Amino acid sequence: DDSKAVRKLIGRVLERSGFQVTSATNGLEGLHMMQAEVYDIAFVDFLMPVMNGIQMVTRYRKWEKEQEDRGTKQYIVGISANADGGDIEEGKRQGVYECEEGPTSPRAPPTRGAPPLERLFRSSWPR
């Protein structure tokens with residue numbers, strides 16, 4: 001996420017759940033990080049600077065297919081406070097497994113922040 005506040009909020013929730021957290025400030029940086037390491041889960045903001053999240057996922061999935069020795073497919077969750085239904089559908093077509101409104105979404109209830117993340121932890125994503 002390009003927002004430092006959102007990165008900190010999501011990072012805290014994940015750290016409290018036992019995850020180690022690394023973060024990127026733009027899509028290109030995130031792409032390079034994901035190419036260097038497979039993460040348990042990658043949260044990708046759809047509206048990032050330099051390269052948006054959908055472009056990043058598209059390039060990553062193309063790169064991932066070219067890696068014969070990778071052996072695993074990165075689990076990616078798309079997040080955005082302002083993505084519309086078209087963005088979400090395009091994200092899923094490009095290889096995002098789940099899509100969530102970000103914790104600062106104007107459509108999210110005031111107490112929303114951790115609940116979507118907690119729901120993901122209870123879902124069937126690979127651990």
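How much space lies in the largest pocket? In this predicted model, the largest pocket holds about 620 Å³ of space, and of the 26 residues that line it, T22, S23, I41, A42 and F43 are the closest to its centre.

**Overall architecture**

- Of the 127 residues in the protein chain, 43% are buried.
- Among contacts in the protein chain with a separation of 6 or more, 56% are accounted for by residues 24 or more positions apart.

**The largest pocket**

- Helix α1 (4–16), helix α2 (27–36) and strand β1 (42–45) each contribute at least two residues to the lining of the largest pocket.
- Sorted by class, the lining of the largest pocket consists of 16 nonpolar residues, five polar residues and five charged residues.
- Rolling a probe the size of a water molecule over the atoms is a way to show where empty space is left.

- The buried residues of α2 are G27, G30, L31 and M34, and because they fall within an arc of 105° when seen down the axis of α2, they line one face of the helix.
- An α-helix has 3.6 residues a turn, so residues three or four places apart point the same way.
- The cover over the buried residues of α2 includes β1, α3 and β2.
- At the start of α2, a side-chain oxygen of N26 comes to within 3.0 Å of the backbone nitrogen of L28; N26 itself is found in the loop between α1 and α2.
- N26 has a relative accessible area of 15% and is therefore buried, the cut-off being under 20%, and beyond its neighbours within four places in sequence N26 is in contact with M48, P49 and V50.
- F19 is also placed in the loop between α1 and α2, where its relative accessible area of 18% makes it buried.
- The C-alpha atoms of F19 and I41 are 9.6 Å apart in space, although the two residues are 22 residues apart in sequence.

- V44 is placed in strand β1 and, at 3% relative accessibility, counts as buried.
- Not counting residues up to four places away in sequence, V44 touches G53, M56, V57, I76, V77, G78 and I79.
- Between the C-alpha atoms of V44 and S80, which are 36 residues apart along the chain, the separation is 8.3 Å.
- V50, one of the residues in contact with N26, is found in the loop between β1 and α3 and counts as exposed at 64% relative accessibility.
- The phi of V50 is near 70°, a positive value in a residue other than glycine.
- Most residues other than glycine have a negative phi.

- Q74 has its place in the loop between α3 (53–66) and β2 (76–80), and with a relative accessible area of 0% Q74 is buried.
- The side chain of Q74 reaches the backbone nitrogen of Y39 at 2.9 Å.
- Leaving out residues up to four places away in sequence, Q74 touches M34, E37, V38, Y39, D40, I41, A42, Y60, R61, E64 and Y97; among them, M34 is one of the buried residues of α2, while I41 and A42 are among the residues closest to the centre of the largest pocket.

- Not counting residues up to four places away in sequence, I88 touches F46 and C99.
- A distance of 9.0 Å separates the C-alpha atoms of I88 and I54, which are 34 residues apart along the chain.

Methods
Residues are numbered from 1 along each chain as its sequence is written. This is a predicted model: local features need pLDDT of at least 70, side-chain atom pairs count only at pLDDT 80 or more; totals for chains, interfaces and linings use all residues. Side-chain values use heavy atoms; hydrogens and water are left out. Contact means heavy atoms within 4.5 Å. On a 1 Å grid over the protein atoms alone, a cavity is a set of points where a 1.4 Å probe fits but cannot get out, and a pocket is an open set with protein on both sides within 12 Å along at least five of seven lines; lining residues have an atom within 4 Å of a point. Grid points are joined across faces, edges and corners, and a volume is the space filled by probe spheres set on the points. Helices (H or I, at least four residues) and strands (E, at least two) are DSSP runs, numbered from the N terminus. Ala, Val, Leu, Ile, Met, Phe, Trp, Tyr, Cys and Pro count as nonpolar, Asp, Glu, Lys and Arg as charged, and the others, Gly among them, as polar. Buried means under 20% relative accessible area, exposed over 50%, partly exposed in between (1.4 Å probe, protein chains only). A polar contact is a pair of N or O atoms within 3.5 Å; within protein, one must be able to donate a hydrogen and the other to accept it, and residues adjacent in sequence count only if both atoms are side-chain atoms. The arc is that of the directions from the helix axis to the C-beta atoms.
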